[in-house]
Amino acid sequence: MIYTRGRYALRVMIDLAEQNPEKYIPLEEIAMRQGISKKYLEAVLKVLVQHELLKGTRGKGGGYKLTRKPAEYTVGEILELADEGSLSIVPCLQGENTCERKSQCLTLPIWEEFNEITREFFFKITLEDVLKKSAKK
């Protein structure tokens with residue numbers, strides 16, 4: 001499932017992809033551009049740094065920047081790491097969740113197929129793709 005933290009993480013990653021890749025961007029600037037509270041944004045950024053999607057530094061000239069080129073990040077990777085779970089639409093396909101009805105569930109194949117379509121969709125789109133699409137508007 002895609003939660004607020006995942007959507008915000010994606011917005012932040014796109015924001016940073018639009019900036020100078022050599023420069024650290026201050027938290028305050030990101031928060032202002034994205035309309036996200038600094039406190040909530042800190043939590044989102046912490047997860048992205050822990051998963052090495054971003055590099056962060058403190059002090060004068062500090063902030064955050066991407067660790068890779070925009071073409072090397074997928075939307076699916078960002079959403080899953082930020083939300084710390086799968087993109088599965090139903091709980092029975094998330095992690096180690098085992099449903100007692102799994103063996104006789106007639107709807108499970110539908111959810112599995114939808115899950116695969118969703119994963120393929122999000123994991124084929126890169127940050128660079130998102131930037132290119134927005135530039136065409």
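## Helix 1 against helix 6

Helix 1 (residues 4–17) packs on helix 6 (residues 127–136) at an angle of about 75°, their axes lying 10 Å apart. That angle makes helix 1 roughly perpendicular to helix 6 (65 to 115 degrees counts as such). Leu 10, Met 13, Ile 14 and Ala 17 of helix 1 meet Leu 127, Val 130 and Leu 131 of helix 6, where contact means heavy atoms within 4.5 Å. By class, these residues are seven nonpolar, no polar and no charged.

## About the model

This is a predicted model, in which local features need pLDDT of at least 70 and side-chain atom pairs count only at pLDDT 80 or more, while totals for chains, interfaces and linings use all residues. Residues are numbered from 1 along each chain, and side-chain values use heavy atoms, without hydrogens and water.

## Helix 4 against helix 5

Now for another pair: helix 4 (residues 75–83) and helix 5 (residues 108–124) pack at about 110°, with axes 5 Å apart. Helix 4 is therefore roughly perpendicular to helix 5. Val 75, Gly 76, Glu 77, Leu 79 and Glu 80 of helix 4 touch Arg 119, Phe 122 and Phe 123 of helix 5. This contact divides into four nonpolar, one polar and three charged residues.

## The whole chain

The protein chain has six helices and two strands, DSSP runs of at least four residues (H or I) and at least two (E) respectively. Along the sequence they follow the pattern α-α-α-β-β-α-α-α. The C-alpha atoms fill a box of roughly 60 × 35 × 25 Å along the principal axes. Of the 137 residues, 35% count as buried, meaning under 20% relative accessible area with a 1.4 Å probe.

Definitions and conventions: Axes are lines fitted to C-alpha atoms, for helices over the stretch in contact, and angles run from 0 to 180 degrees between N-to-C directions. Angles under 35 degrees count as roughly parallel, over 145 as roughly antiparallel, 65 to 115 as roughly perpendicular and the rest as oblique. Ala, Val, Leu, Ile, Met, Phe, Trp, Tyr, Cys and Pro count as nonpolar, Asp, Glu, Lys and Arg as charged, and the others, Gly among them, as polar. Buried means under 20% relative accessible area, exposed over 50%, partly exposed in between (1.4 Å probe, protein chains only).
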